[in-house]
Structure formats: C-alpha cells, structure tokens
Amino acid sequence: MSPSSTTVGDARPSFQNGGRAQSFAKRLRAGDEIAYTLTFLCAFAVILVTGLLVFELYGHSALTRQKFGWSFLVTSTWDPVQGQFGALPFIYGTAATSTLAMIISIPLGVGAAIFLAELAPPGISSGLTFLIELLAAVPSVIIGLLGVFVMIPILRTIEPGLRAVLGWTHLFDGPFYGVSIFAAGVVLSIMILPFIISISREVILAVPNDQREGALALGATRWESTWDVVVPFARKGIAGSIFLALARSLGETMAVTMVVGNDPKIGHSLFAPGYSIAAVIANEFTEATGDLYQSALIELGLVLFGVTIVINAAARLLVLTTTKKGMS
Amino acid sequence: MTWNKARRKIVNAVMLSLTGVCTLVAAGTLVFILGYLFVNGAKSLNWDFFTKLPVPVGESGGGMANAIVGSAKVLLLATVIGVPIGFMGGVYLAEFGGTIFSAVVRYVTDLLNGVPSIVMGIFAYTIIVAQQKHFSTMAGGVALGVMMIPIAIRSSEEFLRAVPLSLREGAMALGASKSKAIWTVVVPAAKAGLITGIMLNLARVAGETAPLIFTSFGNSFWSPGWDKATAALPVMIYTYAIGPYDSWHQQAWAAGFVLLTLVLAVNIIARMILAKRGHVAR
C-alpha cells in the first residue's frame with residue numbers, strides 16, 4: 001500500500017516476537033503456523049493468478065504470434081474467412097475513443113475536483129462527491145443502454161452545431177449515423193469522469209494548507225493560489241488519476257461495444273463508425289470458429305492486458321508518491 | 001495597475017465559477033442517468049418480469065426470472081471463490097505482513113484490479129470453457145470470482161488495519177496465541193467493515209457483462225445445476241438493448257432498472273456505514 005503501512009508493520013515487533021518466543025510445537029498447536037501458512041498461500045494466490053493469466057493469454061495466442069509476428073499489430077486486414085488478422089483498426093479505434101474521452105473528461109474532472117476540494121463547503125463537497133462516486137458504480141452495460149437510446153439521439157441534435165463550429169478540422173466529416181467513434185468517446189468520458197474527480201480531489205485535499213496560506217498571504221487571488229500553487233503541488237497525483245482513468249477507458253467493453261458501430265475501418269472522421277479491441281473480443285469471441293481466429297482474439301486480449309498493466313503500474317506509482325495513503 | 005487588479009479579479013471569478021460548472025455537469029449526468037432509467041424502467045417493469053421466462057420473438061410479455069436466478073447463482077459462486085481467498089490474503093497483509101513480499105502482493109493486487117474485465121473473461125474461458133468444451137454457470141462464477149479477489153484483499157486489509165493495536169496486545173497479554181487473537185478479537189472487531197467491503201465488491205461484479213458473454217453465455221430457459229450455460233441479468237440487458245425489437249428494448253429497460261436499483265442501494269447503504277472512514281476501496 002504505502003510507506004505508512006510499512007511503518008505500522010514496523011511498529012509491531014513485540015506482537016510478532018511474542019509468537020516467536022514459543023517453541024515450534026506450541027505455536028503449531030496454537031494454530032499460528034497454520035494460520036500463517038494458510039493466509040500466506042491466499043496472498044500468494046494473487047501472484048499465482050496473475051502469472052497464470054499471463055501464461056494462458058500468451059500460450060493461447062501462440063498460433064497468431066507465430067504466423068503474423070509483429071505485423072499483427074500494424075496491418076489492417078481483419079478477414080476471418082481468409083484467415084488474415086491485423087489488429088490496427090482495433091488499436092486505432094481504442095486509441096481514438098480513449099483520446100476523445102480524455103479530452104472531454106480531463107478538464108471537466110480536474111475542474112470539478114478543484115471545486116470540490118478547494119471551494120465547496122465541506123458538507124456540499126462530500127455530498128457531491130458521494131453522488132459522483134455513485135456514478136462510478138453504475139454498471140457499464142447500463143451506461144451503454146442509455147448511450148444507445150438516450151445519448152445518441154441527443155448527439156444527433158447537436159451534430160449540425162458541431163459541424164458548423166469544428167467542421168474545418170475535418171474531424172466531423174461524412175454522414176453521422178449515431179453509432180460512431182464520437183459516441184463511444186462521449187460515453188467513455190462519462191464513465192471515467194468519476195475516477196478523475198474522486199482521486200484528484202483526494203490528492204488536492206492532501207496538499208498542506210501552508211501552501212494555500214502562503215500564496216494568499218502574498219496577495220494571490222483564490223484562483224491564483226489554487227492554479228499556480230496547489231495544483232502544481234498535486235500534479236503527480238492528478239497525473240496518476242488521469243492514467244488510471246486512461247487504463248480504464250482502454251479496457252472498457254460493454255458501453256463502447258454498444259455505441260461504437262463495430263466496423264473495423266480506419267478513417268479521419270470521428271463521426272464514422274469504428275471498432276475497439278475490447279469490443280471486437282466481446283462481439284466475435286463466441287462465434288470465433290477455428291483456432292487461428294480465436295488465437296487472434298486472444299492476442300488482442302494480450303495486447304490490451306499489456307497496455308493496461310503498464311499504464312496502471314505507472315499510475316499507481318504516481319498516486320503513491322503524492323498521497324501517503326495510496327489507493328486501495 | 002488597477003486594470004491588472006481588475007483583470008485578476010475577473011479571472012478569479014470566471015475560473016472559480018467554471019469549476020463549479022464542471023461539478024454540476026458531472027453530478028448532473030448522474031441525476032440524468034438515474035432519472036431517465038427510473039422513469040423508463042419503472043414503466044416497463046411488472047410482476048411477470050420476476051416470475052416468467054423470456055418469450056420467443058413476436059410474443060409479448062414474458063420476464064427474466066431465469067436471468068435473475070442465473071445472476072444470483074453466478075454471484076454466489078464468485079463470492080465462494082473470491083471472498084475467502086481475498087479475506088485470508090487480507091489477513092496476511094494486515095497481520096503477518098510488513099515484508100517486501102507483502103509490498104509485492106499489494107502492488108500485484110492493484111494491477112490485477114486494473115485488468116480489463118473482458119480479459120478476465122478470456123482467462124476464465126481458457127481455463128474452464130476451453131477444457132470442458134461448453135459454457136457453464138461455473139465458468140461465469142470463476143470469472144467474477146477472480147475479479148473479486150483484488151478488492152476483497154485490499155478492503156479486508158484496510159479494515160483489519162483499522163482495528164487498534166491495543167486490542168491485539170490485550171488478547172495476547174491474556175495468553176491468546178496470535179492466531180487466536182486474530183480470529184476471536186481482531187476479525188470480530190472489524191466485522192462490520194469486512195461485510196460492507198464484501199457487499200460493495202459484490203455490487204461491483206454484479207453489473208459485469210463482458211466476462212460473462214463467453215463464460216456463462218446465455219440461455220432462454222432455466223439452467224439447473226452449475227454445468228450449463230445460464231442467462232444473467234447484465235448479459236440480457238446487452239442482448240436485448242442491441243436487438244431490433246421494441247419489446248426487447250422494454251425488457252432491457254426493466255432489467256437495467258432492477259440491476260441499477262440493486263447496485264446503487266448496496267452502494268448507498270455501504271457508503272453510509274463507512275461514511276466516517278471517508279475512504280472506500282474500489
């Protein structure tokens with residue numbers, strides 16, 4: 001967990017040595033050795049399960065790894081009938097939807113976290129935080145349900161406006177059917193917003209009050225103290241929260257599958273339907289006939305696993321270094 | 001100079017209000033989701049939903065009784081697998097830990113917690129479905145059970161740690177062995193927290209859809225025993241929502257309403273119990 005947990009451990013030598021002073025037979029009878037071994041095995045099970053997970057993903061994707069090698073990641077033909085598998089359209093779709101989600105939710109999330117940590121009275125802040133954390137508990141399939149029947153119709157009504165304002169970027173070219181990279185990005189942003197807000201709020205709250213008081217005493221306005229002093233102080237933790245949210249959005253499956261359009265194409269328009277790694281696994285796994293097809297899907301799973309593990313590992317380290325408590 | 005001061009004041013007011021707007025947008029989204037789902041879901045919900053099987057396409061009525069029971073069975077299995085391992089692992093970290101090994105376990109636990117649920121589905125598929133050559137309630141339970149382990153570990157560790165050291169010392173001063181102190185003093189003292197942690201954990205996996213699609217799969221009928229494919233509420237929502245029929249959409253709303261009500265009720269109750277601690281494992 002954190003530095004603080006090690007100190008708790010260190011503060012208990014008397015408790016631990018109390019057991020060691022007795023003979024082995026006595027400890028065995030008293031159940032200490034059994035309890036230790038049993039709980040140790042359960043803790044070890046986590047490492048075992050993670051190892052097994054890597055082993056299974058790696059082993060079951062051997063076929064495509066051998067046949068396509070690294071070109072699996074950079075070719076864009078996905079043709080199960082011909083036995084041609086290239087993951088690029090899915091990698092593109094995952095990256096595009098997640099990028100869009102981050103662009104929407106980082107400013108919103110950090111802004112809301114600043115409000116909740118710095119400005120709102122404690123009562124209102126904890127009430128709103130409670131509400132926002134409930135948003136994180138809403139199952140992904142329900143967000144998808146609302147995405148299909150509520151959000152897409154809303155997006156259709158704002159579509160002409162978007163074209164008029166941002167049409168020059170060519171990001172909004174082509175017809176808009178509703179299901180699209182754009183819709184998936186918006187849905188993802190709703191799903192990751194609570195993570196950015198609640199973790200960023202926590203790290204901002206952990207900034208020592210001296211920092212704020214110092215800035216205010218030098219004549220800074222409330223906003224200047226927040227933006228120029230408090231936020232930079234908490235920047236590593238905020239970055240950590242953003243990475244955690246990114247890992248989550250890359251692996252998010254159901255909501256994306258329901259609104260992304262499920263079409264393995266690479267285009268420049270956000271209004272075009274796309275596909276994501278998680279979505280193609282969810283859609284095609286049960287109908288994947290043939291070992292090669294299944295191996296391709298499992299290799300996609302391996303890619304997703306690798307990317308999210310790396311991002312998560314970085315994020316946890318960042319959050320750990322700023323909040324003593326860390327994440328649990 | 002005064003212009004500069006005025007500018008700073010304006011920036012201050014504008015930016016501070018903007019952060020408020022951000023908060024409103026985030027909180028408003030939740031209120032909107034809840035409102036919409038409750039209005040639509042409640043309209044589509046009737047008693048048949050809880051008691052009848054799904055009807056074939058074209059007929060009206062029917063329910064999701066099999067999916068409700070299926071979800072309950074998968075969750076029961078997940079609890080049986082995930083909670084004991086997670087709880088015991090948590091006991092190790094809180095009571096015997098303090099070594100490099102426990103730091104590694106904590107870190108790996110967090111990483112495992114971040115593994116996308118769809119990947120967990122593949123994992124359960126390769127170790128169970130691919131071996132048995134058929135979908136089963138069992139495979140779904142294993143997928144969700146493995147997902148429960150990391151959160152169970154971290155929340156049990158946290159709640160056990162919150163028990164004051166003096167209680168352990170008191171028990172041992174009375175001659176209890178360390179394990180006896182743990183089982184008879186520390187664990188009972190942390191009981192409320194431990195149970196709340198399990199409830200939150202269950203609420204999280206109850207809505208998981210991706211790991212079930214190719215483990216427990218789906219079933220239009222009852223699925224007796226543990227060895228057959230079974231329907232589950234979240235998978236039904238997915239299937240019915242993307243299906244082309246209006247009657248399916250109505251059923252999906254009803255199922256979404258039931259699922260969300262359960263998940264949020266557990267979350268609200270658990271968070272109220274834990275409110276004083278101010279930190280919830282996720």
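1. Gly90(B) sits in helix H3 (residues 65-96) of chain B. Helices here are DSSP runs (H or I) of at least four residues, strands are E runs of at least two, and both are numbered from the N terminus. The model is predicted: local features need pLDDT of at least 70, side-chain atom pairs count only at pLDDT 80 or more, and totals for chains, interfaces and linings use all residues. Residues are numbered from 1 along each chain as its sequence is written, while chains are lettered from A and ligands numbered from 1 in the order in which they are written.

2. Is Gly90(B) buried or exposed? Gly90(B) is buried, because 28 other C-beta atoms lie within 10 Å. The cut-offs: buried means 20 or more other C-beta atoms within 10 Å, exposed means 12 or fewer, and partly exposed is in between, with C-beta atoms placed from the backbone.

3. Which residues does Gly90(B) touch, not counting those up to four places away in sequence? They are Ala152(B), Ile153(B), Ser156(B), Glu157(B) and Leu160(B). Contact means C-beta atoms, placed from the backbone, within 7 Å. Gly90(B) and Ile153(B) are 63 residues apart in sequence, yet their C-alpha atoms are 4.4 Å apart.

4. Chain B has twelve helices and zero strands. Its radius of gyration is 24 Å, well over the 19 Å from the globule rule for 282 residues, so chain B is more spread out than a compact globule. That radius is taken over C-alpha atoms, and the rule is 2.2 Å times the number of residues to the power 0.38. The C-alpha trace of chain B spans about 70 × 70 × 35 Å along its principal axes. Of the 282 residues of chain B, 54% count as buried. Among its contacts between residues at least 6 apart in sequence, 72% join residues at least 24 apart.

5. Chain B is assigned domain 1 (2-44) and domain 2 (49-274). The bounds come from an automatic or database domain assignment. Their centres, over C-alpha atoms, are 34 Å apart. Six residues of domain 1 and seven of domain 2 make the contact.

6. The largest nonpolar core has 189 residues; Val187(A), Ile196(A), Val259(A) and Ile237(B) touch the most other members. Such a core is a set of buried Ala, Val, Leu, Ile, Met, Phe, Trp, Tyr and Cys residues joined through C-beta atoms within 7 Å. Helix H10 (residues 181-205) of chain A gives the most to this core, with 17 residues. Beyond four places in sequence, the contacts of Ile196(A) include Ser105(A), Val110(A) and Ile242(A).

Terms used: Two residues are in contact if their C-beta atoms, placed from the backbone, lie within 7 Å.
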